[in-house]
Amino acid sequence: MNIIKSQQASLLTNIFKYQQKQFFVASTLWGFYLDSGEAVLEQTLWPIIAANLGENNLFDEAINKDACEFLVFADAFAPQQLPAPRVDVSVSLANITKTLNVYGERYWQGTGPLLNASAPLPFKQKSLTY
């Protein structure tokens, strides 16, 4: 097999079995800078993915899905840089929109049956991570 692709595209492959049939999945991974829309070179993209996923998280590359998906590595910023306990953020690509409610750090308080989460602490900037 001869693969010809651009320097921005990353080819992902996987094989799986479903109902006694073998399937081959080929998909492509593209990265874009949100501020400029410029495509990220593949050799630059993988270190970005690794740094954002961290050591103990799995990137589910080339796993069969019912529909396309996109992942976002970004930060949430409070409006006007005024600390807020919660900020809604969203991103759209074609006809897909993802919206997240981003909350400030919380901690457990109380003990036993009275254990509950604190109110979220206000933040100006918060990384969107797992």
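A residue counts as buried when its relative accessible area is under 20%. Lys126 has a relative accessibility of 19%, so Lys126 counts as buried. This value, like those below, comes from a predicted model.

Lys126 takes part in a salt bridge. Its partner is Glu105, and the closest N and O atoms lie 2.3 Å apart. The pair links distant parts of the chain. Lys126 belongs to strand S10, residues 125-127. Glu105 lies in the loop between S7 and strand S8 (108-109). The two residues are 21 apart. Side chains of opposite charge can pair when their charged atoms come close.

In total, the structure holds two salt bridges. Arg86 and Asp88 form one of them, with an N to O distance of 3.0 Å. Arg86 has a relative accessibility of 40% and therefore counts as partly exposed. Asp88 is also partly exposed, at 46%. A further charged group faces a ring: the charged end of Arg106 sits over the ring of Tyr103, 4.8 Å from the ring centre.

Strands S6 and S7 pair in the model. S6 covers residues 86-93 and S7 covers residues 96-103. The two strands run antiparallel and are joined by eight bridges. Ser92 stands opposite Thr97 in S7. Together, S6 and S7 form a hairpin with two residues between the strands. In the turn, Ala94 has a positive phi of about 55 degrees.

Most residues other than glycine have a negative phi. Gln20 has a positive phi of about 65 degrees. Gln20 lies in the loop between strand S1 (10-18) and strand S2 (21-29). The relative accessibility of Gln20 is 68%, so Gln20 counts as exposed. Gln81 also has a positive phi, of about 55 degrees. The loop that holds Gln81 runs between strand S5 (75-77) and S6. Gln81 is partly exposed, with a relative accessible area of 39%.

The largest nonpolar core contains eight residues. Its members are Ala76, Ala78, Ala84, Val87, Val89, Val102, Phe123 and Leu128. Phe123 has contacts beyond its neighbours in sequence. Residues up to four places away aside, Phe123 touches Ala76, Ala78, Leu82, Pro83, Ala84, Pro85, Arg86, Val87, Val102, Tyr103 and Gly104. A second, separate core has seven residues, including Leu29, Val40, Ile49 and Phe59. In soluble globular proteins, nonpolar side chains tend to be buried together.

Aromatic rings also pair. The count of aromatic pairs is two. Phe16 and Phe23 have ring centres 5.2 Å apart and planes at 15 degrees. Stacking requires planes under 30 degrees apart, so the pair of Phe16 and Phe23 is stacked. Phe16 is partly exposed at 21% relative accessibility. Phe23, at 33%, likewise counts as partly exposed. Trp30 and Phe32 form a stacked pair as well, 6.3 Å centre to centre with 10 degrees between the planes. Trp30 has a relative accessible area of 41% and is partly exposed.

How values were computed
Residues are numbered from 1 along each chain as its sequence is written. This is a predicted model: local features need pLDDT of at least 70, side-chain atom pairs count only at pLDDT 80 or more; totals for chains, interfaces and linings use all residues. Side-chain values use heavy atoms; hydrogens and water are left out. A nonpolar core is a set of buried Ala, Val, Leu, Ile, Met, Phe, Trp, Tyr and Cys residues joined through side-chain atoms within 4.5 Å. Buried means under 20% relative accessible area, exposed over 50%, partly exposed in between (1.4 Å probe, protein chains only). Contact means heavy atoms within 4.5 Å. Two strands pair if DSSP finds at least two bridges between them. Helices (H or I, at least four residues) and strands (E, at least two) are DSSP runs, numbered from the N terminus. Rings of Phe, Tyr and Trp (its six-membered ring) pair if their centres lie within 6.5 Å; planes under 30 degrees apart count as stacked, over 60 as edge-to-face and the rest as tilted. A charge sits over a ring if NZ of Lys or CZ of Arg is within 6 Å of the ring centre and within 35 degrees of the ring normal. A salt bridge is a side-chain nitrogen of Lys or Arg within 4 Å of a carboxyl oxygen of Asp or Glu.
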